[in-house]
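Q: Could you walk me through this protein model, starting with the overall layout and then going into some details?

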Amino acid sequence: MKVLLGLAGLAACAAVATIAKAGPIEGGVTAGQVASVLQQKGYKADVGTDDDGDPKVKSAAEGVNFTVFFYGCNHTTHCTSVTFQAGFHVDGGLALDKVNGWNRDKRFLKTWLDKVNDPYIEMDVDADHGFTTESLAEYVDTWASGIPEFKSYIGF
């Protein structure tokens, strides 16, 4: 019984610690904050930098690797927007009318074709004024739930 009570106490402390970290993100989001939210959602999060020296976070959901790119950093750790992005290799590429159909019918995840007509999906997030860890967590859910739908759409 004591063990159960002790475990319940630990769970309550963890919940309070998570709630204490929740709240406004001032001055833009950091790679550490994105990584933390991804990890809280059960995803991996490897923080690095892109070719321009801006932060990036590599992760995966639904069997698909993706990267979160950071923009508006102005050589600081706080960035005003991010883009979630994943690419898919499709033999023979994807037809432009298929891409246009997705973009016409879907609201948050948009798709485009690279030079060999492989599709990419991405989702832009404005992380500047009034952004919170709760809204970031909702965007992660939106992103992760759209991946299997897109995979099905392109027959991946």
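Q: What am I looking at, and how are the residues numbered?
A: This is a predicted model, in which local features need pLDDT of at least 70 and side-chain atom pairs count only at pLDDT 80 or more, while totals for chains, interfaces and linings use all residues. Residues are numbered from 1 along each chain as its sequence is written, and side-chain values use heavy atoms, with hydrogens and water left out.

Q: How many helices and strands does the chain have?
A: The protein chain has four helices and six strands, where helices (H or I, at least four residues) and strands (E, at least two) are DSSP runs numbered from the N terminus. Starting at the N terminus, the elements run α-α-β-β-β-β-α-β-β-α.

Q: And what share of it is buried?
A: Buried residues make up 37% of the 156 residues; here buried means under 20% relative accessible area, exposed means over 50%, and partly exposed is in between, using a 1.4 Å probe and protein chains only.

Q: What order do the strands take in the sheet?
A: The six strands form an open sheet in the order S1-S2-S3-S4-S6-S5, with antiparallel pairing, and two strands count as paired if DSSP finds at least two bridges between them. The edges are strand S1 (46-49) and strand S5 (110-113), each of which pairs on one side only. From one strand to the next, the twist averages 30°.

Q: What holds strands together in general?
A: Strands of a sheet pair through backbone hydrogen bonds, either parallel or antiparallel.

Q: How many bridges does S3 make with S2, and how many with S4?
A: S2 and S3 run antiparallel and are joined by six bridges, with Ala60 having Asn65 in S3 as a bridge partner. S3 and S4 are also antiparallel and pair over five bridges; in that pairing Val68 has Phe84 as its bridge partner, and Phe70 stands opposite Val82.

Q: Is S3 mostly covered or mostly open?
A: S3 is mostly covered, since six of its eight residues are buried. Helix H2 lies across S1, S2 and S3 and runs at about 10° to S2, an angle taken from 0 to 180 degrees between N-to-C directions, with axes fitted as lines to C-alpha atoms, for helices over the stretch in contact.

Q: Changing topic, how far does H4 reach?
A: H4 has 22 residues and reaches 32 Å from its first C-alpha to its last, close to the 32 Å expected at 1.5 Å a residue; the expected span is 1.5 Å times one less than the number of residues.

Q: Where does H4 bend?
A: H4 bends by about 25° at Ile147, with Pro148 following within four residues. The bend is the angle between axes fitted to the seven residues ending at a residue and the seven starting there.

Q: What does Trp143 touch?
A: Leaving aside neighbours within four places in sequence, Trp143 is in contact (heavy atoms within 4.5 Å) with residues including Phe66, Phe84, Leu109 and Ile121. Trp143 is one of the buried residues of H4, among them also Val140, Ala144 and Ile147.

Q: Are Asn74 and His75 buried or exposed?
A: Asn74 is exposed, with a relative accessible area of 64%, and His75 counts as exposed at 84% relative accessibility.

Q: Which other residue has a positive phi, in the hairpin of S2 and S3?
A: In that hairpin, which has two residues between the strands, Glu62 takes a positive phi near 55°.
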